[in-house]
Amino acid sequence: MLRIWGRLSSVNVQKVVWCADELGLAYERIDAGGAFGVNDTPEYLAMNPNGLVPVIDDDGFVLYESNAIVRYFAAKHAAGRLWPEALNARADADRWMEWQSTGYTPAMVTAFVQLCRTPAEKRDAAAIEASRVKGETFSAVLDAHLAGREFVAGKAFSVADISVGCAAHRWLGLPIARTPRPNLERWYAAMKARPASKLVLSQPVK
Ligand SMILES: N[C@@H](CCC(=O)N[C@@H](CS)C(=O)NCC(=O)O)C(=O)O
């Protein structure tokens, strides 16, 4: 039995849920984190001492860190497909997952927290703008990369599309002014058209 802990509004939980749906896995998802709590209980902290979501329990194998979980699912259920086996192709997909988790998502996190989780009267306009500008810089890199490309890494859908796709979903859903990015927007529309992304990419950014 596969269990996934985490609220669907979390970008990191979204990656794991989209990947599980892409692979057609049967799972139970338990809301945790944010207003749901759960992630501060001793039982939860025994699974993830960081107290963050997501966490999975796959027949007794407990794992946290969203990108590691996505790669675990892909390696277990779609070897050579969602996570390429050829070394260079695998490194390319891994590179974009790192880019998402260490660059793109952190760039926009202040804008997200300020605009979606902070009461209007307590918002810091300068911090929002600085974060928006950083998000634009990363979005420009992704847009240029996607010119003439159907997928983020290689010639087929991969784990990189899932991780970067969830970050792009947040970026495109933020209530901010954005520079049009035709390649990014075309690729995102294609990601959104995938049946397995329906649950995740229809989540409001909040
Ligand atoms: N590097 C971790 C980051 C996990 C993380 O920061 N999760 C956030 C939600 S996106 C969280 O648990 N926040 C506390 C909460 O939701 O209560 C991963 O990719 O899984």
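Predicted model: local features only at pLDDT ≥ 70, side-chain atom pairs only at ≥ 80, totals over all residues.
**H3 against H6**

I started with how H3 passes H6, and the crossing is right-handed. For the geometry, I noted an angle of about 150 degrees between H3 and helix H6 (residues 159-173), with the axes 10 Å apart. Angles over 145 degrees count as roughly antiparallel, so I logged H3 as roughly antiparallel to H6.

Next I looked up who meets whom. From H3 I listed Asn67, Val70, Arg71 and Ala74, and facing them in H6 are Val159, Ile162 and Ser163. Sorted by class, that contact has four nonpolar, two polar and one charged residues.

**Domains**

I checked the domain assignment: domain 1 covers 2-77 and domain 2 covers 87-197. Their C-alpha centres sit 21 Å apart. Each side puts residues into the contact, eleven from domain 1 and eleven from domain 2.

Which elements give two or more residues to the domain 1 side? I found H1 and H3.

**Ligand**

Last stop was the ligand. I counted 13 residues around it, the closest being Ser10, Asn12, Gly33, Leu52 and Ser66. Helix H1 (11-22) and helix H3 (66-77) are the elements that each supply two or more residues to this shell. The shell splits into eight polar, four nonpolar and one charged.

Key
Residues numbered from 1 in each chain as written. Near = placed C-beta within 6 Å. Helix = DSSP H or I, 4+ residues; strand = E, 2+ residues; numbered from the N terminus. Nonpolar A, V, L, I, M, F, W, Y, C, P; charged D, E, K, R; others polar. Axes fitted to C-alpha atoms, helices over the stretch in contact; angles between N-to-C directions. Parallel < 35°, antiparallel > 145°, perpendicular 65-115°, else oblique. Left-handed = near helix turned anticlockwise from the far one by under 90°. Contact = placed C-beta atoms within 7 Å. Domains from an automatic or database assignment.
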